[in-house]
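The entries follow the order in which I looked things up.

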Amino acid sequence: VSPGSWDWSASDAPIAAWLQAGINVHAILHTPPPDMQASPDGLMPMGLDLQYDSASPSFSRFCTMFAARYRGKIKSYEVWNEPDLREFWNGSAQQYYTLLKGCYLGIKAADPAAIVVMAGMAFVHGKGFYADIVNAIASDPTAPAHNFYFDVIGIHMYADPELVYTRTIETREEFERYGMCKPVWITETNITLRGVNGVPDVPNRWVATPEEGGWYVLQAASNALAAGADRLMFFRLEDGNMDGAWGIVNRDGSHLPAYQ
């Protein structure tokens with residue numbers, strides 16, 4: 001609401017509803033509150049180098065407060081979203097690693113049982129940013145004593161179900177090369193649909209019919225299992241508050257083939 005004053009209603013209600021429905025919550029902590037933003041667009045938080053228990057505004061402090069409020073309720077946290085894309089992160093790979101370190105320590109201090117997932121990368125512009133993060137972790141002498149500041153590798157991929165297999169294998173091998181043997185969670189995958197929710201029914205290699213979307217789910221799940229991924233999450237349940245047609249449920253609540 002204002003610096004030092006918090007309104008948790010936007011997260012309290014949905015988290016309570018999901019828990020009541022028996023759903024485990026995986027929260028992506030992304031875009032800090034206004035008093036913790038270093039830029040008006042929210043793509044860079046202030047106080048990257050501050051400790052999570054500092055009284056000054058920082059994203060790590062926000063992560064700590066969030067985890068403390070939902071201790072025992074939220075199973076896992078993903079620190080930021082696709083920082084290798086400029087529309088989500090306006091800093092360097094080293095700065096993202098600094099953010100990850102602070103949030104990892106803060107979340108673990110507030111809720112030791114919570115799982116901390118490194119942000120899933122989009123890889124749209126290649127693997128350079130991701131490789132720089134891996135190198136930053138491997139070069140940090142404090143990292144081994146703190147579980148390398150993350151519990152799980154997060155990855156995202158869309159449109160091509162073969163990537164679910166190949167990227168899972170490649171990503172795990174890259175981390176294991178540096179002695180970081182971590183589970184891999186695919187926290188976003190899917191293919192957008194055509195002819196649904198106002199999207200034109202025009203063929204394109206990056207879109208699918210609803211029936212093809214159902215096959216994408218089966219192929220992605222099979223490839224994730226074959227590659228040894230530990231979690232597989234689809235984006236998204238429904239498209240009520242966004243353009244496009246990613247959901248496995250129509251806006252009227254009816255089920256698409258992907259849901260079945």
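**Entry 1: the segment after β8**

I started at R236, which lies in the segment after β8. The model is predicted, so I read every value here as a computed one. The peptide bond from F235 to R236 is cis, and I read omega near 10°.

I then went to D252, also placed in the segment after β8 (231–232). Buried or exposed, I asked of D252? D252 is exposed, at a relative accessible area of 64%. The D252 side chain makes a polar contact of 2.6 Å with the side chain of S254. I also checked D252 against N197, 55 residues apart along the chain. Their C-alpha atoms are separated by 9.8 Å.

**Entry 2: the three-stranded sheet**

I looked up the strand order next. Three strands form an open sheet, ordered β1-β2-β3, with parallel pairing. The edge strands, each pairing on one side only, are β1 (25–29) and β3 (115–118).

How many bridges join β2 to β3? I found four, between β3 and strand β2 (residues 74–79), and the two run parallel. Y77 has V116 in β3 as its bridge partner.

I stayed in strand β2 for S76. S76 has 3% relative accessibility, and the cut-off for buried is under 20%, so S76 counts as buried. Leaving out residues up to four places away in sequence, I listed what S76 touches: V25, H26, A27, I115 and W185.

**Entry 3: β4 and β5**

I turned to another strand pair. Strand β4 (residues 153–158) pairs with β5 in the parallel sense, over six bridges. Y158 stands opposite N190 in β5. Strand β5 (residues 184–190) is mostly covered: I counted seven of its seven residues as buried.

**Entry 4: the nonpolar core**

I asked which residues of the largest nonpolar core touch the most other members. The core has 63 residues, and the answer is Y77, Y96, L99, I137, F150 and F175. Helix α3 (residues 93–110) gives the largest share of this core, nine residues.

With residues up to four places away in sequence not counted, L99 touches P45, L48, F59, V79, W80 and W89.

The buried residues of α2 are F59, S60, F62, C63, T64, F66 and A67. What covers these buried residues? I found that the cover includes α1, β1, β2 and α3.

**Entry 5: positive phi values**

W80 came up again here. I read its phi near 75°, a positive value in a residue other than glycine. W80 is found in the loop between β2 and α3. At 0% relative accessibility, W80 counts as buried.

N147 also has a positive phi, near 60°, and is not glycine. I located N147 in the loop between α4 (128–139) and β4. N147 counts as partly exposed, with 32% relative accessibility.

**Entry 6: salt bridges**

How many salt bridges does the structure hold? I found six. I wrote up some of them.

R69 forms a salt bridge with D12, and the closest N and O atoms are 2.7 Å apart. R69 lies in helix α2 (residues 59–69) and D12 in helix α1 (residues 9–20), so the pair ties together parts that are 57 residues apart in sequence. R69 is partly exposed, with a relative accessible area of 38%. D12 is partly exposed too, with 27%.

R177 and E174 meet through their side chains in a salt bridge of 2.8 Å, N to O. R177 counts as exposed at 58% relative accessibility, whereas E174 is buried, with a relative accessible area of 15%.

D201 and R194 form another salt bridge, with their closest N and O atoms 2.6 Å apart. R194 is buried, with a relative accessible area of 15%.

Methods:
Residues are numbered from 1 along each chain as its sequence is written. This is a predicted model: local features need pLDDT of at least 70, side-chain atom pairs count only at pLDDT 80 or more; totals for chains, interfaces and linings use all residues. Side-chain values use heavy atoms; hydrogens and water are left out. Two strands pair if DSSP finds at least two bridges between them. Buried means under 20% relative accessible area, exposed over 50%, partly exposed in between (1.4 Å probe, protein chains only). A polar contact is a pair of N or O atoms within 3.5 Å; within protein, one must be able to donate a hydrogen and the other to accept it, and residues adjacent in sequence count only if both atoms are side-chain atoms. A salt bridge is a side-chain nitrogen of Lys or Arg within 4 Å of a carboxyl oxygen of Asp or Glu. A nonpolar core is a set of buried Ala, Val, Leu, Ile, Met, Phe, Trp, Tyr and Cys residues joined through side-chain atoms within 4.5 Å. Contact means heavy atoms within 4.5 Å.
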